[in-house]
Amino acid sequence: MTASPPPADPSGSSPSAEGQVPEAAPVAQELAAARVRYRTERDRRMPTGPGRRYTRLTGEFGYWDEDPYAPPEKTRQPLRDSVEAVVIGGGFGGLLAAARLRQQGVGPVRVIEKGSDFGGTWYWNRYPGIHCDIESYVYLPLLEETGTVPGWKYAPGEEIRQHARAVGRTFDLYRDACFRTQVTALRWDEETAVWTVSTDRGDRVRARYVVSATGTLSEPRLPAIEGIETFRGHTFHTSRWDYAYTGGDANGDLTGLRDKRVGVIGTGATALQCVPHLGASAHQLYVFQRTPSSVDVRANRRTDPRWAAGLAPGWHRRRRDNFLTLVTGGSVEEDLVADGWTGTARLQQKLIASDAYRDLPDGVREETEELADLAKMNEIRARVTEIVQDPATAGLLQPWYRYMCKRPGFSDTYLQTFNRPNVHLVDTADTQGVERFTERAVVVGGVEYEVDCLVFATGFAVGVSGLASGLFPAYGRGGTTLTEAWEEGPRTLHGLTTHGFPNLFQLGSLQNAASVNFLHVLDEQATHVAEIVAAARKRGARYVEPTREAQDAWVATIEEKAADQHAFQAECTPGYYNNEGMPRRRANGYGDGPVAFHRLLREWREGTGMDEVLVHAE
Ligand code: NDP
């Protein structure tokens with residue numbers, strides 16, 4: 001079953017709904033037609049009202065945020081003690097910060113984490129089909145330190161979660177960790193040069209150093225759809241999968257759904273992985289789609305034990321560097337990862353700027369990129385028609401936008417799911433999403449789709465870090481909060497430290513460099529922070545704090561190098577990559593890209609950088 005056919009193309013000469021581009025069409029004509037179609041598809045989805053609205057799992061939906069994996073609650077006395085460092089967040093960012101600090105001899109290190117164990121996003125997300133979508137040999141950190149080679153090219157979520165736990169054990173982080181605990185405030189005491197960290201369990205922990213690593217995908221979000229609170233069927237968010245209701249596990253076989261009509265809202269990277277299992281198990285499945293994902297070949301495979309046995313020391317760093325160099329437009333002798341990410345490296349410059357291709361004149365660079373983009377998207381659209389048997393459904397599943405408008409997706413089972421007779425695609429583009437709910441149904445285009453269970457694959461409030469958003473206030477020198485200090489925009493040195501907030505570090509993507517392999521950049525940041533702390537201890541510094549001058553110079557560098565992605569993003573269908581259709585004028589990252597940024601950090605450490613941040617007693 002499908003709903004609302006794709007709109008007639010205004011140019012009259014564009015590719016058909018099935019994406020068949022007439023072979024004889026001259027490239028320029030094909031490009032012009034694609035641009036028109038991209039614009040049409042964008043306009044259909046652009047919000048007409050107050051913008052795309054999402055809500056957090058609070059109030060009525062607060063129970064969705066409960067931890068389904070928590071062991072029975074044990075009461076504990078509030079802590080009143082001192083550690084050398086507190087790390088906020090027990091996901092891989094926090095684990096990396098803690099591990100790199102431990103390697104420098106810092107201790108005790110206390111990780112404070114909301115979940116009942118380490119893992120962060122991999123703790124909460126256990127939906128059926130969960131896998132990492134970046135190659136696990138480059139995605140997972142600290143592999144050589146823990147003596148691990150992942151069992152699959154794209155590892156399943158449970159293996160990744162177990163790796164997080166192994167990192168915790170290897171670096172002795174369980175001993176001082178505080179789980180099921182959320183930081184509520186940080187307060188700097190100038191006299192003792194120590195932070196007091198308060199939590200929702202009444203703790204008051206004193207720490208010389210604090211590292212915030214609260215992640216970018218930690219706040220599940222719900223679409224603010226009319227009547228959502230009136231729906232009486234069963235509901236949950238993919239990051240809080242309710243196996244008690246669905247049966248089965250992360251490998252599927254959701255026996256509890258055999259007699260159920262199930263709806264899933266959202267078709268992003270998460271849906272690509274769980275929809276095949278829902279389709280295989282549910283009596284009827286309705287997939288409510290607003291924007292189709294691009295779905296390229298996955299080709300997952302088990303790790304060859306002979307290859308794993310032959311890996312020479314240093315292999316992990318070499319492989320990660322090889323991937324990072326390639327996906328940011330650099331050249332390497334051999335593409336070690338050789339997958340859908342490295343194959344589209346050039347197109348990824350549209351999201352993550354780098355200093356590659358600077359030698360080409362602007363017009364030439366743009367045209368070459370657009371043609372390469374069109375070729376890739378034609379290939380992806382053709383793949384849909386090859387796999388999906390019903391032409392109308394295939395038409396709706398084709399993505400009409402440029403490659404980096406949305407997070408690229410990979411699956412060898414998602415599109416195939418729509419050939420099942422019990423699986424129905426419901427397109428919601430014209431109503432800019434699901435219209436409303438009744439007690440029993442999801443309403444789209446006036447049609448009521450009755451379901452027993454609704455799964456929200458609607459993603460996360462992206463980029464909400466505890467520190468920057470003020471979720472927990474940090475009172476720095478003189479009682480000023482970080483959000484007050486940043487009233488006119490963030491001010492940092494390398495994205496990691498801020499004047500007025502001594503010994504406080506934050507990991508993330510603000511004013512530094514990102515990558516699709518986010519854990520790699522977090523590792524570079526964690527290593528940098530740990531080396532600064534090590535230098536502070538060695539040189540007997542009173543604390544670490546960037547000078548105002550160094551911070552101003554960095555903010556100026558960020559502004560000067562900021563890539564202008566506005567024109568590209570303005571033509572994209574709305575989504576979190578372009579701030580839901582309202583792209584920002586300038587990116588807030590280091591415009592020369594992560595390879596150059598990591599080199600800059602190294603040179604800074606090896607040169608006179610430490611003198612800019614180490615403050616000694618008068
Ligand atoms: P996304 O934000 O990517 O997707 C949310 C989906 O919900 C979109 O398809 C969106 O449509 C849809 N949606 C939202 N509101 C409505 C509505 N009112 N009506 C209909 N549809 C709606 O979330 P995901 O959880 O899929 O992925 C988030 C991120 O998590 C990924 O981009 C990726 O970075 C990460 N991830 C990483 C994995 C890994 O292995 N490393 C695996 C899975 C996820 P629209 O597109 O139109 O906004």
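Colleague: Which residue stands opposite Val455 in S17?

Modeller: In this predicted model, that place is taken by Phe236. Strand S8 (residues 234-237) pairs with S17 in the parallel sense, over four bridges.

Colleague: And how many bridges join strand S9 to S17?

Modeller: Four again, and S9 (residues 261-265) runs parallel to S17 too. Here Gly263 stands opposite Leu454.

Colleague: Are the residues on the two faces of S17 buried or exposed?

Modeller: Buried, on both sides. Cys453 and Val455 are on one face of S17 (residues 453-456), with Leu454 and Phe456 on the other.

Colleague: How accessible is Glu84?

Modeller: Its relative accessible area is 14%, and buried means under 20%, so Glu84 counts as buried. Arg537, at 36%, is partly exposed.

Colleague: Which residue does Arg539 meet in a salt bridge?

Modeller: Asp611, at 3.3 Å from N to O. Arg539 belongs to helix H16 and Asp611 to helix H20 (residues 610-613), so parts 72 residues apart in sequence are tied together. Arg539 is partly exposed at 44%, while Asp611 is exposed at 53%.

Colleague: Which residues are linked in a network of salt bridges?

Modeller: Look for Arg37, Glu41, Arg44, Arg45, Asp427 and Asp430.

Conventions:
Residues numbered from 1 in each chain as written. Predicted model: local features only at pLDDT ≥ 70, side-chain atom pairs only at ≥ 80, totals over all residues. Heavy atoms only, no water. Buried < 20%, exposed > 50% of the residue type's maximum accessible area, 1.4 Å probe, protein only. Pairing = 2+ DSSP bridges. Salt bridge = Lys/Arg side-chain N within 4 Å of Asp/Glu carboxyl O.
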